[in-house]
Amino acid sequence: QLHLVESGVGLVRPGGSLRLPCAASGFTFNYYAIGWFRQPPGKVREGDSCISSSGGSTNYADSVKGRFTISRDNAKNTVYLQMNNLKPEDTALYYCAARDPFPSCPVVGDPGRALDFGSWGQGTQVTVSS
């Protein structure tokens, strides 16, 4: 059974940075693409970024390009989301998800939709406020 756990709950000031780890277990981690999603209060879940199984391909939403970086360490079964220059509108619950059983992100140049991913973590809260 796939098991994903996000961490890095944080209150960050605008312009600040935060790194979110997503630790995986229960499956062959390096087989699957992994995505990061956000869900702001009262809104639908939307994709921020996606990384292929090898880490060789990454996709980002336009709203985070140049500010967020997704990476993975397959030896540690962990995917990271480095978030820089955070804005108040980045405040949301952040989720990581595995695109089992596929090694690639759903669409070239796009982080993908929630329904493209089958296994989810429980989410971690990020609040950007002064």
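Tutor: A disulfide is a pair of cysteine sulfur atoms within 2.5 Å. Numbering the bonded cysteines in sequence order, the pairing is 1-3, 2-4. This is a predicted model, where local features need pLDDT of at least 70, side-chain atom pairs count only at pLDDT 80 or more, and totals for chains, interfaces and linings use all residues. Residues are numbered from 1 along each chain as its sequence is written, and side-chain values use heavy atoms, with hydrogens and water left out.

Student: How do you know that Cys-22 and Cys-96 are joined by a disulfide?

Tutor: Their S to S distance is 2.1 Å, and the cut-off is 2.5 Å, so the pair is called a disulfide. The torsion about the S-S bond of Cys-22 and Cys-96 is about 65 degrees, so this disulfide is right-handed. Cys-22 belongs to strand S3 (residues 18-25) and Cys-96 to strand S9 (residues 92-98), so the bond ties together parts that are 74 residues apart in sequence. Strands are DSSP runs of E with at least two residues, numbered from the N terminus (helices are runs of H or I with at least four).

Student: What makes the disulfide of Cys-50 and Cys-105 left-handed or right-handed?

Tutor: The torsion about its S-S bond is about -100 degrees, so this disulfide is left-handed. Its sulfur atoms are 2.1 Å apart. Cys-50 lies in strand S5 (residues 46-51), whereas Cys-105 lies in the loop between S9 and strand S10 (119-120), so parts 55 residues apart in sequence are tied together.

Student: How do you know which class Asn-77 and Asn-85 fall into?

Tutor: Asn-77 has 26% relative accessibility, so it counts as partly exposed. Asn-85, with a relative accessible area of 43%, is partly exposed. Asn-77 is in the loop between S7 and S8, and Asn-85 is in the loop between S8 and S9. Asn-77 has a positive phi of about 50 degrees although it is not a glycine, and Asn-85 likewise has a positive phi of about 50 degrees.

Student: What makes S7 and S8 a strand pair?

Tutor: Two strands pair if DSSP finds at least two bridges between them. Six bridges join S7 to S8, so they pair; they run antiparallel. In S8, Val-79 is the bridge partner of Arg-72. These strands belong to an open sheet of four strands with the order S1-S3-S8-S7 and antiparallel pairing. Strand S1 (3-6) and strand S7 (68-73) stand at the edges with a single partner strand each, so one side of each has no neighbour in the sheet.

Student: Which strands pair with S11, and in what sense?

Tutor: Strand S2 (residues 10-12) is joined to S11 by three bridges and runs parallel to it. S9 and S11 pair over three bridges in the antiparallel sense. Val-126 in S11 stands opposite Gly-10 and is also the bridge partner of Ala-92.

Student: What makes a set of residues a nonpolar core?

Tutor: The residues must be buried Ala, Val, Leu, Ile, Met, Phe, Trp, Tyr or Cys, joined through side-chain atoms within 4.5 Å. The largest such core here has 27 residues, and those with the most contacts inside it include Leu-20, Trp-36 and Val-79. Strand S4 (34-39) and strand S11 (124-128) are among the strands that each supply at least two residues of this core. A second, separate core has six residues, among them Phe-37 and Cys-105.

How values were computed:
Buried < 20%, exposed > 50% of the residue type's maximum accessible area, 1.4 Å probe, protein only.
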